[in-house]
Each structure stands twice: as C-alpha cells, then as structure tokens.
Amino acid sequence: MSAPAPKIRIRGLHKSFKKNVVLDGLDLDVGVGESVVVIGGSGSGKSVLLKCILGLLRPESGSIEVDGQEVVGLAGRERDRVLRKFGMLFQSAALFDSLPVWENVAFGLIQGARKDRDQAKEIALDKMAAVGLGPEVGELSPAELSGGMRKRVGLARAIATAPEIIFFDEPTTGLDPIMGDVINDLIIKCVRELGATALSITHDMTSARKIADRIAMLYDGKIIWAGPVAEIDSSGNAYVEQFIHGRAEGPIEMQVRAI
Amino acid sequence: MPILQPIGRTFLRFLEATGHLSLFAATAVGHCVRPPIYPRLIGRQMIAIGYYSLPVVGLTAIFTGMVLALQSYTGFARFSAESAIPNVVVISITRELGPVLAGLMVAGRVGAAIAAEIGTMRVTEQIDALDTLATNPFKYLIAPRLIAGLTMMPILVLIADIIGVFGGYVVSIYKLGFNPYVYLKHTIDFVEVQDVVSGLVKAGVFGFLVTLMGCYHGYNSKGGAEGVGAATTNAVVSASILILCFNYFITEMFFAR
C-alpha cells in the first residue's frame, strides 16, 4: 500500500534576495494532521519558507503542492480558494490596529467566508473564549493588549475559520516562559480540536519539543535533518546537536563582526 | 565615460520607478471597478479625506481669496482697473488656486496619513495578514482610498471655490469699499461654466494622485520606522510635484488656443 499523500509537499525550493541565497533546493513534506516544527537560526530562511507557501513571496524555482495542487504562481480566486485552507499566527500577531479585537478575530469570517457580522461576532467570541479571553476584551483596541494577549488574539484569528492548515511563526518569541507555555498548550489544544495540519517555525527548543510531532532543521537553505521529536537528541547530526544545545562552538558559524 | 554612468543609472532607476508606479496604478484602478467593492470602507475614507479636510481647505481658501482681493486692488489701482477685482478673484480661485491649493493641503494632510498608515501596516505584517485571510490588500486598502480621493476632492474644491470667492467679497466690501450688489453681479456675470468645470476636473485628478502616491509609497515601504518616515515624505513630495505638473497639462487641455 502506498503512503498517503502529504498535505504540503515542497520540492527543490529556491529563493534569493539579490545575491543572498536563502532557500537553496529545500525539500519538505508535512503529512495530514501532522505538526511539523522547522527550527533554525535567525536569518536562516524559516519565515521566507512560510511566505513562499502562502504566496506572499514567489520562489525562483521549485514546487509547492497543497493537497496535490501546485500553488506557486497561483493568483486571483484560485489563490483565495487555497488561502482559505490556511490560518496563520504571525510573530508580532499582526493585528489590525484600526479594528477592535473581536473584529480582528472575525475578519476572515466577515471578509472571506462572507458571514453576517452578528454571526461572525458570536463565533469570534467563542474562539476568544477558547484561548482564554473574555468578551470584554473583544471591545478593546489591539494597542491596549499585552504581548501575551496579542498572541492569543492572533491565535483566535488563526483558528476562527476552522482552517485545515495552521502556520505558527515564532509563537513564543517575546513572551515570558510561563506565557510561552500557555501559548504552547493553546496551540496543541486548538490544533487537536480542529484536526488541523500545523507547520511552525521557531528557535525556541522548549516550544518545538512541546508542539511538534516531527522536527526539521533548516540550515544553509536546505533541510539538513528531519525526524520525530523523540529522536532529536540522538540525531547524530552535529549541526542539530549544536543548535538544540545552544553551543557557540560547532559547525554552525555565527557571523559576528569585531567592533 | 565614468561621468555618464551615474546619469544613466539614475535615468534607468527613474524608468523602473515609473514602470512600477504605472503597474501599481493600473492594478489599483482595476480593483476599483471590479467587485467585491467595500461600501463601508469607501464611506469611512470619504469622511476621512473629505469631511476632515474641510477646515484646512476652507481656511486656505478664505485667506487666499482675501489676499487675492487685497493684492489685486493695490496692483490694479495703478492703472485704474479696480473694477476687475471680482473677475480676477473668481477666475483665479475657480481655475487655479482652489484646486491647486486644496490639492497641496490635502497632499500634506491625507497623502501623509495614508502613507504612514499603510506603511505601518506593511512593516508590521498587517498587509501579509490581510493576504493570508484571503482578502486582497488592493481591494481592501487601496481601492477605497482612491475612490474616496477621486470623488471627495471635487466636492472639497467646490466648497473651497465658494469660500475663496466669499473671502474676496468680504475684503472688497468691508475694506476696499466695493458695492456688494455690483461685486456679486460682476462675479456671477464673468464666471463661466468651463472655469468651474476645469477646476473640478483638476480636483478629481489631484485627489486621485494624492491618494495614489500615499498608497504607493506606503505599500512599498521597507524597514521599520525609518522606512515609514521616508514613505510619508516621498508621498507628500511626489504628490505635490505631480499636482503642479498635471495642473499645467490640464490647463493646456482646457484653455490652450
């Protein structure tokens, strides 16, 4: 019996910014219902990978398939149709300043799914409750929220349309360890409840170990190791070992300029 | 020749920027006429661009009309042509000063605000978030602003025309001793439909240019606060220059013999 087709299949992805090669023939599969975390240093191209999948950046070459459909170069309604499968939690939460919190959460329901505002508000308040936010928060402006609350609102917005695939961009960056753990628990809960496929990027190993089924390490534009989370400590890969233990010495050389 | 290289490079960069702006404008106009249209957002922008610009445009217009009457009087008195003041005021305001000064004021107020808002949305990933929520940023952010600019500027300029002429009237009557009836009769008799229409056409074009430059520079801003600051400056400067250039071409179109 053949293996089930992956939800996301990436082959030979190349993306450069002028002379800076960021993704250099990257291959990655994310299975249906699987939670994959891509780890890697700052500037290794993790965010670029997500943006290429979402069509926010166009790769020079390579293939990205979602449910077997090629998404590179998609435009117009066909792209909108594919994007409706996705939810995304941005690193900075990227909440819309001009809208109150509940409208941020309901945005995809009102604009994308064309739901009535009252109905969308009801769903938004439900989703906010699911991430531990009361209805009184719904009337606040995003500027009035703390970092942890912004992440929760971002998470509620990501899950509001019940997407099939959810991306998490550095979900715990900038949070204290306790709030980081709260966000990790919420991510696990929301992804399980929706039965969604999750692709996260982070350099926070505590978060990666907690939310991942499988971890992939991105280095030098390629996935240099991928495997179940339980195997990462015995990967036998010097790059992975240096990264997960946070050592300055090792094959990964940080570009530090002398002052 | 080494001296030609920077000139050539600058020229190529200018052509690239012009092409980029033209494509941006064409895409934006396409989204203005294709559904879905967002009436709520267009209404909100109409209030922001039209209603909230009224005080600054009104003040500019009234003082311009007053100064124009005063300056014309001191100049025209040298050859006993004081009776032409109502004509000069109404023609200058409706054809030129109303649309150009309102355009420049709106460029400073609205163009800067649009560039700063959209620029901040760009650098804080809010535009990317719109995209991932299957909402086209051109339709949601840019088209409502362009439609509002195009429609509200002629209304603003029409009001500015009335206020500007009123400013000239006040100075002429209460300071220069004109007869109110004669002043109004000269104003109404002399002004032609084409004078007002040419000013309103200019206003529509300027409204489009101001909002386009605000959206373009904001949408393409890079980096953090510095990038947003640069986008805001570029939006105001480029809109102001384009207003003055297009003012000439539209005047040529209407009045060249």
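**Note on the predicted model: chain A and its interface with chain B**

1. In this predicted model, strand E1 (residues 8-17) and strand E2 (residues 20-30) of chain A run antiparallel and are joined by 8 bridges. Within this pairing, Leu13(A) lies opposite Leu26(A) of E2(A). The two strands make a hairpin in which 2 residues separate E1(A) from E2(A). One residue of the turn, Lys18(A), has a positive phi of about 55°.

2. An open sheet of 4 strands in chain A has the order E2-E1-E4-E5, with antiparallel pairing. Its edges are formed by E2 and strand E5 (69-70) of chain A, each of which pairs on one side only. At the E5(A) end, strand E4 (residues 61-66) of chain A is paired with E5(A) in the antiparallel sense through 2 bridges. Val66(A) has Gln69(A), in E5(A), as its bridge partner.

3. Turning to chain A as a whole, the secondary structure comprises 8 helices and 10 strands. The C-alpha trace of chain A extends over about 55 × 45 × 40 Å along its principal axes. The radius of gyration of chain A is 19 Å, which agrees with a compact globule, because a globule of 259 residues would have a value near 18 Å.

4. Contact involves 23 residues of chain A and 17 residues of chain B. About 1800 Å² is buried between chain A and chain B, and carbon and sulfur atoms give 55% of this area. Of the area that chain A buries against chain B, 24% is supplied by Phe90(A), Phe96(A) and Phe107(A), more than by any other three residues.

5. A salt bridge joins the side chains of Lys51(A) and Asp128(B), with an N to O distance of 3.5 Å. Across the interface of chain A and chain B, 3 residue pairs are in polar contact, both residues being at pLDDT 80 or more.

6. Which helices of chain A each supply at least two residues of the side that touches chain B? They are helix H1 (46-54), helix H2 (76-83) and helix H3 (101-112) of chain A. Classed by residue type, the side of chain A that touches chain B has 10 nonpolar, 4 polar and 9 charged residues.

Key
Residues are numbered from 1 along each chain as its sequence is written. Chains are lettered from A and ligands numbered from 1 in the order in which they are written. This is a predicted model: local features need pLDDT of at least 70, side-chain atom pairs count only at pLDDT 80 or more; totals for chains, interfaces and linings use all residues. Side-chain values use heavy atoms; hydrogens and water are left out. Two strands pair if DSSP finds at least two bridges between them. Contact means heavy atoms within 4.5 Å. Buried area is the accessible area (1.4 Å probe) that two parts lose on being put together, summed over both. A salt bridge is a side-chain nitrogen of Lys or Arg within 4 Å of a carboxyl oxygen of Asp or Glu. A polar contact is a pair of N or O atoms within 3.5 Å; within protein, one must be able to donate a hydrogen and the other to accept it, and residues adjacent in sequence count only if both atoms are side-chain atoms. Ala, Val, Leu, Ile, Met, Phe, Trp, Tyr, Cys and Pro count as nonpolar, Asp, Glu, Lys and Arg as charged, and the others, Gly among them, as polar. The radius of gyration is taken over C-alpha atoms; the globule rule is 2.2 Å times the number of residues to the power 0.38.
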